[in-house]
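Hi,

Here is the structure I promised to pass on. Have a look at it first, and then read on for my notes.

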Amino acid sequence: MSDELMLRPLTGADFSAAREVADEWFGHPVGLTMHRLFFEQLGASGVYAADAARPERMVGVLLGLRSEIEPDLAYVHFHMVDPSLRGRGVGRALYVDFGERMHARGCTSIRALAAPDRVGSRRFHEALGFAGREEPDYVGPGQDRVVYERRLPI
Ligand SMILES: CC(C)(COP(=O)(O)OP(=O)(O)OC[C@H]1O[C@@H](n2cnc3c(N)ncnc32)[C@H](O)[C@@H]1OP(=O)(O)O)[C@@H](O)C(=O)NCCC(=O)NCCS
């Protein structure tokens, strides 16, 4: 990969490429967490990352939205980076780009979830300055989550 990233909003046309790699990049089946809805109806809020020299080669995706109920809150639903390109700032770039665009729309904070046993995701959010609180049964019985939040911009 060249040193330069290309970042742009998602479109419905990005769904297939992202779906094809999601289970492998995530390390387990993501199921309907990656729904077509996030690309076709909410894609303009999300982020597609590619090598600037090869824009068709997706290297990361972030699905996120601006809250309807709390319009000052930006919410990251899902993000993933090509395993062969981790540790090079792609994940941070996805968050910074999403955070900048949501901040420009009036959001003052950003929230994301991590399962307690997903240590990599927890360390990632902590490295980006998020503070986390453990919430039991947050997404269902026995499905605890760490709820991470920080101020915008990142
Ligand atoms: C989490 C994930 C997106 C991180 O992407 P990445 O491109 O490797 O992250 P970056 O290189 O931008 O790292 C940003 C910071 O987080 C830290 N970090 C990232 N992954 C880490 C890990 N596994 N362990 C410890 N620290 C980590 C980096 O050291 C870096 O810190 P620094 O800026 O202080 O040097 C990636 O590992 C991934 O796709 N994981 C699988 C999907 C997933 O778990 N998604 C999150 C739940 S929706």
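To get you oriented: in which helix is the place of D97? D97 sits in α3; helices here are DSSP runs of H or I with at least four residues, strands are E runs of at least two, and both are numbered from the N terminus. Before I go on, note that this is a predicted model, with pLDDT of at least 70 needed for local features and 80 or more for side-chain atom pairs to count, while totals for chains, interfaces and linings use all residues. Residues are numbered from 1 along each chain, as its sequence is written.

Back to D97. It counts as buried because it has 20 C-beta neighbours inside 10 Å (buried is 20 or more other C-beta atoms within 10 Å of its own, exposed is 12 or fewer, partly exposed is in between, and C-beta atoms are placed from the backbone). Not counting residues up to four places away in sequence, D97 touches L7 and V47; a contact is a pair of C-beta atoms, placed from the backbone, within 7 Å.

A112 stands opposite Y148 in β7, and R133 stands opposite V147 in β7. β6 lies largely in the open, because the number buried among its five residues is zero.

The largest nonpolar core has 28 residues, and V47, A49, V61, L62, L94, F98 and I110 touch the most other members. (Such a core is a set of buried Ala, Val, Leu, Ile, Met, Phe, Trp, Tyr and Cys residues joined through C-beta atoms within 7 Å.) α3 gives the most to this core, with five residues. Leaving aside neighbours within four places in sequence, I110 has contacts that include A74, V76, M102 and L152.

What surrounds the ligand? There are 20 residues around it, the closest being R86, G91, G120, R123 and A127 (near means a C-beta atom, placed from the backbone, within 6 Å). α4 supplies the largest share of this shell, five residues. By class the shell has nine nonpolar, six polar and five charged residues; Ala, Val, Leu, Ile, Met, Phe, Trp, Tyr, Cys and Pro count as nonpolar, Asp, Glu, Lys and Arg as charged, and the others, Gly among them, as polar.

Most residues other than glycine have a negative phi, and most peptide bonds are trans. D137, in the loop between β6 and β7, has a positive phi of about 55° although it is not a glycine. A cis peptide bond joins L152 and P153, with omega about 0°, and P153 is in the segment after β7.

Cheers

Key:
Contact = placed C-beta atoms within 7 Å. Pairing = 2+ DSSP bridges.
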